Amino acid sequence: MHKQHKRHESESKSHKTVKQSLFEELKNDLNQILQKYKWVEDYNDFWAFLKKYQNVKKPECEKVKDLICFNLDVNYKQILNQVSNRHLDLVKLKEFFSIVLAYLNFKQIEKFNKLKQIRKIQNELPVSVYESEIVESLKRDNVLIIAGDTGCGKSTQIPQFLMRNGFGSIACTQPRRLACVSLCSRLKYETLTQFQNKIGYQVRFERAKNKDTKIVFLTEGLLVRQMLSDPGLSSYDVVILDEVHERHIHSDFVLGLLKCLITKRDNLKLVLMSATININLFSDYFDKKAKVIEIPGRLFPVQVIYKPVFEDDSKKRSKVDATPYLQIMNIIDEKYHNEKGDLLIFMSGISEIMCLADAINEYRKKSPNWIVLMLHSSLPLSDQDKVFDYAPEGYKKCVISTNIAETSITIDGIRFVIDSGKVKEMFYDTVYKIQRLKEFWISQSSAEQRKGRAGRTGPGICYRIYSEKEYLTFEEYSLPEIKKSPLDTVLLQMINLGLSDVRKFPFIEEPNKQDLENCILSLKQQRALTDDENITEIGKTLTNLPVELTIGKMLIIGSVFCQVDTTIVLSSALSIPSPYTNEAFRNFDMENLRKDFESNHGDPLTILNLYREWLIIKREKEDSRRWCKKRGLEEQRFYEMTKLNHQFREILTESELLELNEPEPTTSHERMIRQGEVKLLKRLKANYSKSPSRKRLKPDFYEVENDSEKLEPDIKDIEFRLKNDGSKVRELLNGIHVTSYKDLAILKIVFCSGLYPRFAIADEFNICRSDQFFHTKIKSHVSLHPFSYFGLHPDALKLEDQDIFNPTSDIKYSTKTFSSKHKILCYFTMLETTKVYLTNMIQMPALQSFLLFSKNIDTSFNLSKFVFDGWILIEILNPLQSETLLIKLINLRTRWDSLVSKRLSRCQVDRAQIIKLTDDMITFLNTDIIYGIKRLLPADLKYLYTGPTDFELPDNCFDENFSMKKNDVKGGICVSEFLNYNCLVPNEREDFYASDTFHCSSCDNKYEFNCLERIQHRKKCEKPSECTINNYIEKKEKGEI
């Protein structure tokens, strides 16, 4: 009997296995049937259910039908004809559909349970009782202001209120891309529409929406871009501006645009939402016509205790005094020793965090139940993520953070907060073009945000290291970004939208008028605006590139010189924070391992070398995480570069500045290998997502229990390999082809074209002192960043003795050192912390760079003196050389401007012209000419110019297409758009009209000509070159050129 029962069980199992394998065999056919009737949304989920269902019980079709409130209504015979398999009969097909019914029933019950739970959570939110008031107010008024405290549920619930009450298409802006994606995901979950498009999002280079989308989350910047193509925002009925209290540049800009728009569109509704909104400011902005609804939050009560540091408590207030922080920790140890709750300390900057962390680690020797963690943007992401892990029993976390933990992230379990009351923020000085890092007192709204961190999961305590009297002197709200950041991009977008005068734009708070004027001047220098403030072709193209203007201009010029790939990588490198960790320049082994990748041309080239090597490591499928760690590099930055690389390609493709390359052809064998690799990677990713995201911290500083880099999969590496197969990695590697001097020279020209006038020259006394100073046009005596290549190798910029030339003539020159090897630095950023530093620099030949990029060039009669943009004087020993150089320059700049114009107007450009211009540019950069260079002071300019004269030219021998005109201020004659001839006073003892014997190679005659006569004769006498553009490539390939 027992044997018979076992045999019956065995047969039953075998029967199930046969049916399972049969269904698995027909998986593709059955999926097509399921797709046709649209019963199943997630096929993988269904097949997993089928397998479990058959293993657990025998299907009973009749019982299942009783559970389902609908009928499948299928034609079994028709389906059998479609699936031609002799093993599938009517009985088995009906059994399959009974499993489908069971699955639908299971999902229905699951959905109802989920919906019940969701509705319970929604009804508990404070905002739920305000639904009818919000809807009625918005039906009545065009503008609604909602001041909802943290945790009230405004961001997730209000869009749903509007959707279910009949409002049409709804746009909800968020300041960050991550918030758009996460809120979209949350609303899809709450509305049970995960597999529909009713709710979507759109961020830069990524969108999940279609014509059926009712609610779309998007960034403020993207809404501005949509207004460029659709000024009336006709695709939206409601616009919700969330988190308006953050006062980003784009949020203020959008607010001004929408204020103008609602006067033209009566049916457009505008909702402003925030936690700590300045109600009076926003209400006054809309002439008090906007309805205001205040919604309480659901934070737990937080006790505030003021513990100010008085003058006699510390010797120097500028230094971090750890005493009050350690006293508070001691109080927590004594009073709340057996209670749970972690500590969050807000400090102003990284140095203050590290200083306090050292002091607390000393305190841990006495009270070892603390685990100290730091949190700031310069930390590797793996270390940042540790603040979300939990402490073991009997221990408390002490997280020391900058203001990043104020609003951007939420750390669970915080019960105690210590607020230093200080913050460091970056301010942009529009006059000196400097990013200044300043420390100052926070605002009252920020203090409240910090306090609120202690009351998210239970009652908490906030200790403030300042007095209540000091708190009352704080500004009520933080300074808006529009008053501390560059406005160039926003102003250019305004002008492109058709605003005739950006000075009259209705900002909610006016930016500084001088800042506006400085930004307009900067746009003119970038050639984005004409002198009368009309937008140029370059300006229009820049508004279509959602990047910083300097980066955008580099991408444009890179596309002109057929250096798009390398320019994209360079732009990506400049758009990310520094890839170096805090240890990178303090650890000798790390520095030594990076030496092979250093470039004496500058920091951006070093980063390109490191990135290229990292890609090679990826291509060879080696451990890139370990490679980065050994060299003091933050691998996350290289992942960001890769992502930006793809994004910049999409930008340029959309702007028609880049043609998409055809993908590499692959064999069936390669495709099969790739499919297997993708399958494995997806499985690893799925396993990673199932593993607990929070780990248990070890009591030892910065260690996590069971955390092994060897055993734990690298999720970033998995995601990289999923998105980038071997061909894409090869494509990325081919993009960094700075293998020849030609490639390097053109890349440096592209870099400078985007950044001019960010040039710096060395101080003339650097040779005799250890501190190296440099001068820019607007700021003198700046230093090189100590961790930059030239900061670490200052000798790389100094002239060798053999490169210095001593003039023998008795002419009195203004400059002191003559050489053909003078270098200048082109820098990406000027940053002020304890000093003013230049960062991300490359070196360039001085004279040739100023000639190529200066907006205004002034010369003496015999071309021995040049002044560039009113701040650099260059004196040339042999004026005959400068004549040739100047004629070549005008020709080069004319051809360059023509090519840029053609490229931007989407005209076909002859590749031979590009190659010829490229070769001529490189030849020009390599011109060997001896000169002296000097920075001009305001006092020098008084005696430098001749002033208005009666001097006239019979015809324009410099640029025959330009109509000459006199310069009534400096003197001389404007002979091209950038060149003002004969306006500089000659040097003492230098004959103004000196003539020299001139031998013309064209007519083989000798003449006693002065400078001007020589140029005129050359123009008339020169024979046309036999090497035309059309046969240039052919001659070059034959080696004739």
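## Close-up views of a predicted model

**View 1. Asp 869 sits in the loop between S25 and strand S26 (872-876).** Strands are DSSP runs of E, at least two residues long, and helices are runs of H or I, at least four long, all numbered from the N terminus. This is a predicted model, where local features need pLDDT of at least 70 and side-chain atom pairs 80 or more, while totals for chains, interfaces and linings use all residues. Residue numbers start from 1 along each chain as its sequence is written, and side-chain values use heavy atoms, with hydrogens and water left out. Is Asp 869 buried or exposed? Asp 869 is buried, with a relative accessible area of 12% (buried means under 20%, using a 1.4 Å probe on protein chains only; exposed is over 50%, partly exposed in between).

**View 2. Leu 863 has a positive phi too, near 60°.** You'll find Leu 863 in the loop between S24 and strand S25 (865-868). Leu 863 is buried as well, and its relative accessible area is 0%.

**View 3. Tyr 756 and Pro 757 are joined by a cis peptide bond.** Omega for this bond is about 20°. Pro 757 belongs to the loop that runs between helix H30 (741-755) and strand S17 (759-762).

**View 4. Phe 958 and Trp 896 have the most contacts inside the largest nonpolar core.** That core holds 157 residues (a core is a set of buried Ala, Val, Leu, Ile, Met, Phe, Trp, Tyr and Cys residues joined through side-chain atoms within 4.5 Å). Which residues does Phe 958 touch? Leaving out residues up to four places away in sequence, Phe 958 touches Leu 886, Ile 890, Val 975, Leu 979, Tyr 981, Leu 1012, Ile 1015 and Lys 1019 (a contact is heavy atoms within 4.5 Å). A second, separate core has 31 residues, including Leu 125, Cys 172, Ile 215 and Ile 295.

**View 5. Strand S2 (residues 170-174) is mostly covered, with 5 of its 5 residues buried.** One side of S2 carries Ile 170, Cys 172 and Gln 174, and the other carries Ala 171 and Thr 173. S2 pairs in the parallel sense with strand S5 (residues 215-219) over 5 bridges (pairing takes at least two DSSP bridges). Within S5, Phe 217 is the bridge partner of Cys 172. S2 also pairs in the parallel sense with strand S6 (residues 238-241), this time over 4 bridges. There, Val 238 of S6 stands opposite Ile 170.

**View 6. Helix H33 (879-904) is among the elements that supply at least two residues each to the lining of the second largest pocket.** H33 gives the largest share of this lining, 8 residues. Others that supply at least two include helix H19 (513-525), helix H21 (549-560) and strand S30 (979-981).

**View 7. The whole protein has 37 helices and 32 strands.** Of its 1041 residues, 49% are buried. Among contacts between residues at least 6 apart in sequence, 71% join residues at least 24 apart.
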